[in-house]
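Me: I would like to learn how to read the features of a protein model. Please take me through them one at a time.

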Amino acid sequence: METEVKPLDLPSAAMAATPAADAAPAWRAAWWRLMDTRVGVLPLPIYVLLLALIGGFVALGKVPTDISVSMAILCVGGFTCAEIGKRLPVLRHIGAAAIFATFVPSLLVYLHAIPPVLLDNVVKFTKVTNFLYLFIASIIVGSIFSMDRTVLVKGFLKIFVPLAAGTVIAAIVGTAVGTGLGLGWKHTLFFIVVPIMAGGVGEGAIPLSVGYASILGLAQGDLFAEVLPPVMLGSLSAILMSGTLNFVGKRYPHLTGEGRLQPGVEEELPTASLQPAAAVEDVGGVAAAGITAITLYMVGLMCFRLFDFPAPVAMLFIAVMFKLWRVVSPQLQQGSHVVYKFFSTAVTYPLLFAIGAAMTPWEKLIASFTVANLITIVATVATLMATGFVVGRRMGMYPIETAIVNACHSGQGGTGDVAILTAANRMQMMPFAQIATRIGGAIVVTLALFFISRIG
C-alpha cells in the first residue's frame, strides 16, 4: 500500500531536527538566525534589502506606482516607526508604537524629510485605493464572526449606556472647563467639544463645517480649519490614555477582559494560541473569509448609495445579523479569524504610516497647541473615558474595555479607531469602536447642528 505524500509542513519540519539540519554549517545557522530576526514582520535581511531598493528608486528619481512597491514602502516606514516606539522606556507601555507610526510620518512630511517622489507614491496609493476600508472590513467581519453570540447581543445593547452617559457628561465637563479658561461656552461646546466626539474628519469635521457654514453664514474652509485640530488632538489624547489603560490592565487584571466586553462567557472559537496548526491552514477557507468581508463591505456601499447610510455601519449590522442567524459556517468563521489576525498583525502599522503621511497635516495638529485648548481637549476625553469606566463597571462589564470603547468616540474616525485599539492592544473590539465612532458621531453632529441653528 502506498503512503500518501503530504505537502511539507515547514514549522513541523523545522522542529523535527534531522541529521542534515544538525550538520548545517555554522554560517548557515547564523544566517537563519538573522532571517528570524524581524523588524515588525520583515526579516532583517529583507528589511535592509528593501531600504536599499527604495533608496535606489529615489536616487533614480522615479518610484514605481505598483501596489507591491507601495506596500513595501509602507511596511518599511510603518514597522520602522513602530519598532522605535516599542523600544522607548515608559512610553512603549502606553501606545508609543501606534503614536510613532501615525505622527512621525506626519512630522516628516511637514519637515520635507520624505523625498517628494516617495511621498507622492504613498499619498496616491492611500487615497486612490482607500485600503483603510479593506482593513476595517476584515477586522470587523473577523472579530464579529469569532465573537460569542450571547456576548454580541448583550454587548451591543449595553454599550450604548456608558457611551451615552459619557457623551453627555464629557460635553458638560469640557464646556465648563473651556468656559472657565476664558474660551466662552459657545465656542468651547461647538468648536472644541463637539468636534472631538463628532466621528472623525469625513463623518464629523466636514459635515460639521458645512452645517456651521450654512447656519452661521461663514466660509466653510475657515470653519473646517477651526474644527479639525480638536479632532486630531482629541484622537491623540485617546490613543495615549488607551495605551495607559492597557498598561493598567496588566497590573490589575480583574479590571479587564483583554478585549472581551463582559465576564463569564468564553469565546465560541478557540484563540489562535490554542488552535492546532492544521486548523488555520485551510487556504481556501481563509480566502473565502476575505471575499466575504469584501462582499459585506460592498453591500454597505450599496446601502450608502441607496439610503445614505454609512457603509461601515451597514456592513457592521449585516455581519451581526449573519452571526445571530448562524448563517456563517464554523469553517468560515475560523477563516475569518485568521483574516482578522493577519490584518491586525501585518497591516496595522503600514496603514497608520499611510494615514500619517497622507491624511494627517502636522500644521493643523499643532495649530491648537494652546494651553486652554489642550486642557479642554484632555478634560473632555478623560471625562468621556472615566464615565465609560465607572458606568461599565456598574453594569457588570469590564471597565477598561468600556472606557476604551468610549475613547473611540473621541477618535479620528476609522483611522482613530485603528490607532486607539492598536495602542490598547484590543483590535478585536473594532465592532464596538465603530458603533462609538459612526453612530455616536452621527448623533452628536445631528444634535449639534440642531442646537446651533436655534441659538446661532
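Me: Of the contacts in the chain with a separation of 6 or more, what percentage is accounted for by residues 24 or more positions apart?
Reply: A contact means heavy atoms within 4.5 Å. Residues 24 or more positions apart account for 78% of the contacts with a separation of 6 or more. This is a predicted model, in which local features need pLDDT of at least 70 and side-chain atom pairs count only at pLDDT 80 or more, while totals for chains, interfaces and linings use all residues. Residues are numbered from 1 along each chain as its sequence is written, and side-chain values use heavy atoms, with hydrogens and water left out.

Me: How many helices and strands does the chain have?
Reply: Helices (H or I, at least four residues) and strands (E, at least two) are DSSP runs, numbered from the N terminus. The chain has 21 helices and two strands. Of its 456 residues, 50% are buried, where buried means under 20% relative accessible area, exposed over 50%, and partly exposed in between (1.4 Å probe, protein chains only).

Me: Which residues meet where helix 14 packs on helix 15?
Reply: Among them are Leu-296, Tyr-297 and Phe-304 in helix 14, and Met-315, Ile-318 and Phe-322 in helix 15. The contact has 13 nonpolar residues, one polar and no charged. Ala, Val, Leu, Ile, Met, Phe, Trp, Tyr, Cys and Pro count as nonpolar, Asp, Glu, Lys and Arg as charged, and the others, Gly among them, as polar.

Me: At what angle do helix 8 and helix 21 pack?
Reply: Helix 8 (residues 132-145) and helix 21 pack at about 125°, with their axes 8 Å apart. That makes helix 8 oblique to helix 21. Residues of this contact include Tyr-133 and Ile-140 of helix 8, and Gln-434 and Arg-438 of helix 21. By class, the contact has seven nonpolar, two polar and one charged residues.

Me: How many aromatic pairs are there?
Reply: A pair of aromatic rings is described by the distance of the centres and the angle of the planes. Rings of Phe, Tyr and Trp (its six-membered ring) pair if their centres lie within 6.5 Å; planes under 30 degrees apart count as stacked, over 60 as edge-to-face and the rest as tilted. The count comes to eight aromatic pairs. Phe-190 and Tyr-212 have ring centres 6.5 Å apart and planes at 85°, so this pair is edge-to-face. The pair links distant parts of the chain, with Phe-190 in helix 11 (residues 185-196) and Tyr-212 in helix 12 (residues 201-216), 22 residues apart. Both Phe-190 and Tyr-212 are buried.

Me: Where is His-112 found?
Reply: His-112 is in the loop between helix 6 (96-110) and helix 7 (116-129). This residue has a positive phi of about 60° although it is not a glycine. His-112 is exposed, with a relative accessible area of 71%.

How values were computed: Axes are lines fitted to C-alpha atoms, for helices over the stretch in contact, and angles run from 0 to 180 degrees between N-to-C directions. Angles under 35 degrees count as roughly parallel, over 145 as roughly antiparallel, 65 to 115 as roughly perpendicular and the rest as oblique.
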